[in-house]
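Please keep the sequence and the structure in view while reading.

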Amino acid sequence: MDHLVPDKITVVVGTQWGDEGKGKITDFFANDVDYVVRFHGGNNAGHTVKVGNEIYKFHILPSGILSSRAVSIIGNGVVVNPKVLIGELEELKERGINPRLKISQRAHVIMPYHEAMDAALSGHQAHLAAGSTGRGIAPVYADKMYRHGIRVGDLLEPELLREKLEKAYNFNHQILTAVFKYDFNTPLEIIYQEYLAYGQEIKSYIDDTELELAQAFRNGHKILFEGAQGLSLDPDHGMYPHGTSSNNVAGYAEVGSGVGLNCRKRIIGVAKAYVSRVGTSPFTTELTDSVGELIRENGSEYGTTTGRPRRIGWLDLVQLRQAVRTSGLTELAVTKLDVLGDMPEIKVCTSYKIDNQWVNEMPASLDKMRKAVPHYETLRGWPKLTDNDIETIKSEGYSALPRTMQEYLEYIERQIDCPVGIVSFGKDRSETVIK
Ligand code: IMP
C-alpha cells in the first residue's frame, strides 16, 4: 500500500461545505503515514469512518486514530472541548483501541461560556448567522484573537489557569448577562475545578507537538494533514459570514500545526459527487424537489454533529474551481458516486448568471451570491452498482467503473483543470480506487 503515498506530505481538505468524506479518505491513507494531524476546527466537525462492520464517528479526534501505524495529533490550530475529547477517548478504549494521540499545548480550549455565547450570538446575528453547530467555535476563536483564551497547556498550571480564567470568565460573563441578558450563571470556581480535572485526565496526551512534527518532517517521516469543514465555510475564502471561524484551505496546515512545509506536497481536495450544506447561506445549486430528497435519503445526508437534515444540490464547479485555486490542489478525491446511481441524468453547474453576466469564479459579494442563478450541463447517469460490480471494481480498479461515471469524472477534470486521483463509491474503507 505504500505506493499510495508518493509524497511525504499529504494534505486532505474539503472543497465544498464540509461532509465531503474527508474522514474516509484520511482513513484510507492512515496506515501508510507516520502522523495524522488535525490543524483547525473543533468538535463542530463530524467524521464517519466505516471499517468492516464497525462504524466510528469522531468530532474532535483525527480520523487517523484507527491507524495501527500513525500517531494522531491535535494541532495548535484546533479548538478542544476536553469533555468531548475524553468521551471519544473512552469510547475508543471500550472498543479495544488504544489511542496513539498527542495534543498541542498551544491548542485553545472551548469553555462553557463559549457554548452559551454561540447561542446568544446566533440569535443576535439572525439571518446573517451561519446556523452554527452550537459548539462554541466562533467565541473560542474570538477569545484567542482577543488574547484572553485558555490553552490546553494552561490546564496543567493551576495558578496560571486561575489568572487567565478570571479575565476570560469575567469578559464573557459580562457580555452574556449584561448585553445579551443570557442566563449564564455557572460560577467561575465550578468551571475552574472542572477544567483542572480535565487537564489531569488528558495530561499524558499533552505535548510539544510542533517540535515533534518539525523533527518528523526533518527526518523524512510521512505526515498527513486532515482538514475539517470545507472551502465555502472558510472565513476568508468561503461565503462569509455564513461560514465557520477557522481557515480550512490547505495553506493553514502549516499555521495550525506549527511546522513549515518547505517541500512538494500532495494536496487532495475531497468533493462529493453532489453538494450538501447544513446551516444558512445562499446555495446556488440547491435542490428543493424530490430529486434532492432522494439524494438526501440515499446518501444519509443528516448532520453527524447535530443530526440536522442537510440541504442538497448538484455539483458546483464554480465552487470547485475556487477550491483548486485557494488550496493549490494537486488532485481531487470524488466521493459518494454510488449515491447518484440509477439517476437517468445528472446535472453539473458550470457557471452562474448574476445580473445578466456570466460568472465562472466565485464572487466575494454576498449580494451577488444571493442573485446567482446556476447554469447546468446535463450528463448521462450510471446504473446502481451491484455487489458484483463493486467486487469487479475493487479488483480491476478505475477501468471497471461504469463508462458514464468515468465520463462524469473526466468532465469535472476538464472543467476545473485538476486531475481526479481518487474515486470512492461506497461507505467501506475498501470501496475506494486510485485512478
Ligand atoms: P460553527 O463552525 O459551529 O460555528 O458553524 C458555522 C457554519 O459551519 C454552520 O453553517 C455549520 O453548519 C457549518 N459547519 C461547521 N462544521 C461543519 C462540518 O463539519 N460539516 C458541515 N458543516 C459544518
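## Helices α3 and α4

In α3, the residues Tyr113, His114, Met117, Asp118 and Leu121 meet Ile137, Pro139, Val140 and Asp143 of α4. Contact here means heavy atoms within 4.5 Å. The residues of this contact divide into six nonpolar, one polar and two charged. In this count Ala, Val, Leu, Ile, Met, Phe, Trp, Tyr, Cys and Pro are nonpolar, Asp, Glu, Lys and Arg are charged, and the others, Gly among them, are polar. Helices (H or I, at least four residues) and strands (E, at least two) are DSSP runs, numbered from the N terminus.

The model is predicted: local features need pLDDT of at least 70 and side-chain atom pairs count only at pLDDT 80 or more, while totals for chains, interfaces and linings use all residues. Residues are numbered from 1 along each chain as its sequence is written, and side-chain values use heavy atoms, with hydrogens and water left out.

Two packed helices are described by the angle between their axes and the distance between the axes. The axes of α3 (residues 112-125) and α4 (residues 137-146) come within 7 Å and cross at roughly 115 degrees. Axes are lines fitted to C-alpha atoms, for helices over the stretch in contact, and angles run from 0 to 180 degrees between N-to-C directions. α3 and α4 are therefore roughly perpendicular to each other, given that angles under 35 degrees count as roughly parallel, over 145 as roughly antiparallel, 65 to 115 as roughly perpendicular and the rest as oblique. The crossing of α3 and α4 is right-handed; a crossing is left-handed if the near helix is turned anticlockwise from the far one by less than a right angle, and right-handed if clockwise.

## Two partners of helix α6

For α5 (residues 158-179) and α6 (residues 188-202), the axes come within 11 Å and cross at roughly 140 degrees. That makes α5 oblique to α6. The crossing is right-handed. On the α5 side, the contact includes Pro158, Leu161 and Tyr169, and on the α6 side it includes Leu188, Tyr192 and Leu196. Its residues divide into eight nonpolar, no polar and four charged.

Helix α2 (residues 82-94) also has an axis that comes within 10 Å of that of α6, and the two cross at roughly 35 degrees. α2 passes α6 in a left-handed crossing. Pro82, Lys83, Leu85, Ile86 and Glu90 of α2 make the contact with Glu194, Tyr195, Tyr198, Glu201 and Ile202 of α6. These residues divide into six nonpolar, no polar and four charged.

## Around the ligand

Which residues come nearest to the ligand? Of the 18 residues around the ligand (a heavy atom within 4 Å), they are Asn44, Ala130, Thr133, Thr244 and Arg277.

Some polar contacts (pairs of N or O atoms within 3.5 Å; within protein, one must be able to donate a hydrogen and the other to accept it, and residues adjacent in sequence count only if both atoms are side-chain atoms) can be listed. A polar side-chain atom of Thr133 lies 2.6 Å from an oxygen atom of the ligand. For Thr244, a side-chain N or O atom is 2.6 Å from a ligand oxygen atom. Asp19 has a polar side-chain atom 3.2 Å from a nitrogen atom of the ligand.

## The loop between β10 and α8

Pro241 is in the loop between β10 (223-226) and α8 (252-255). The peptide bond from Tyr240 to Pro241 is cis, with omega near 5 degrees. Gln229 lies in the loop between β10 and α8, and its phi is near 50 degrees, a positive value in a residue other than glycine.
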